[in-house]
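Take a look at the model below.

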Amino acid sequence: MITTDICIIGAGPVGLFTVFEAGLLKMRCHLIDALPQVGGQLSEIYPQKPIYDIPGYPEVKAQELVDNLMKQIEPFNPTFSLGERVDFLAKQDDGSFVLTTSDKTKVHAQVIVIAGGLGCFEPRKPVLENLENFEGKGITYMVKDPEQFRDKKVILAGGGDSALDWTIYLSQIAEKVTLVHRNETFRGAPDSAAKVFDLANNGKIDLILSSNLTKLSGNGHLQSVSMKNKAKEESTIETDYLIPLFGLSPKLGPIADWGLNIDKNAIEVDTTDYSTNVERIYAVGDINTYENKLKLILCGFHESAIMCHSAFKYVYPDQKLSFKYTTVNGVNSF
Amino acid sequence: MVTFEVEDHDGNRQPIEAPDDMGLSLMEVLKASEYPVLATCGGMALCATCHVEVLDGKEGLGEATDVELDQLEALPEMFDTSRLACQIRISDQLEGAIFKLRGEDQ
């Protein structure tokens, strides 16, 4: 069990800056993020795009801002659980919380700060009947352990980079790989696309173009997948696995089940301290909502400063909080 | 002002009037008109929750950018008429166009 003062869900810019504001008040932080790296959407989606409305930076690249934030919070030694999603939240008798992640990591914290941005990036699912019945029973949206597919029949669906890359990779270990793609061409990296066409021409994989998945069949475990081409001709392929790779889409995820007041996928907060309706749980940044809310990084920074001052009373119930400037006191690491 | 039609998830079609000189996107107008468009990413062509089909008037919209096409291409469901509403600028070119909501419902 990891023990900390504040557990921050979401390691985007606002989650990271919360570590700094908490650190000034001697509160330790542990961050959890569903993505395998810090930075949230800045690192995941637009690392090289410029941002123009960070005070003091006329222009800064998204990844550069994340790198600078990591440097800024270094003195406070935050700890991280990356590539994990918080699934459960259990309130303890003393008011604190124990969080459990998708990898069964447990974190004990006095205060929870949800800085989840757009939510968790979850795989987009094709609209197919019985899809849920085969999830984990032949259908997987992510290749975590390629060995799972050794000597198995695998169908991949999609046309992006990950569909191309995994097709190439799995063609070396699976018994049979079939890639189903809606179009005639691929928008992924040209090199990868060329390689996939090569593999198909050499009979190493089956490439089925201009086709859409239509039906899943199986008895308990997936056994076959049907698809239709543009001429509406249906074909069925026997398989052990189907890996749909249709990109990621932000979803609120398990946060929606924690008894928080939610409005249109955002968490309602009290603007005097950005607390939610559940005591000791705060929400900052893009994931919260209130009257006149602006989804700006700079507003999230402001929210985390106010929020940390409010959270102090739960971490140090017997101490009085005195406000100090970093210019006067410096940044005292721990 | 420009007037175009919007068909919701239930197939109801309504005319929408919008100012064509404020640099608005179709996504913003749809949200302001209380259509169930999530627009989670705020208009950066990142989430595809504002996916629409252009049933009529595609010529006036200009080409989709690479970023937009990448998103559309990744969707499990994509049509020749698919666009992201956040990437469509409201201009007089939209007069008489017809859009059908496709993105995930709230």
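**A walk through the model**

Start at strand 17 of chain A, residues 248-251. A:L248 and A:P250 point one way from this strand. A:S249 and A:K251 point the other way. All four are buried. Keep in mind that this is a predicted model.

Strand 17 of chain A has a partner. Strand 9 of chain A, residues 120-123, is joined to strand 17 by 4 bridges. The two strands run antiparallel. Within this pairing, A:F121 stands opposite A:P250.

Now step back to chain A as a whole. The chain is divided into two parts: domain 1 (2-121 + 249-329) and domain 2 (125-246). Taken over C-alpha atoms, the centres of domain 1 and domain 2 of chain A are separated by 37 Å.

Next, find A:R182. This residue sits in the loop between strand 11 (176-180) and helix 6 (190-201) of chain A. A:I51 lies 131 residues from A:R182 along the chain, and 35 Å separate their C-alpha atoms.

How many residues does each chain give to the contact? Chain A gives 17 residues and chain B gives 16. On the side of chain B that touches chain A, 10 residues are nonpolar, 3 are polar and 3 are charged.

Terms used:
Residues numbered from 1 in each chain as written. Chains lettered and ligands numbered in written order. Predicted model: local features only at pLDDT ≥ 70, side-chain atom pairs only at ≥ 80, totals over all residues. Contact = placed C-beta atoms within 7 Å. Nonpolar A, V, L, I, M, F, W, Y, C, P; charged D, E, K, R; others polar. Domains from an automatic or database assignment. Buried ≥ 20, exposed ≤ 12 C-beta atoms within 10 Å, placed from the backbone. Pairing = 2+ DSSP bridges.
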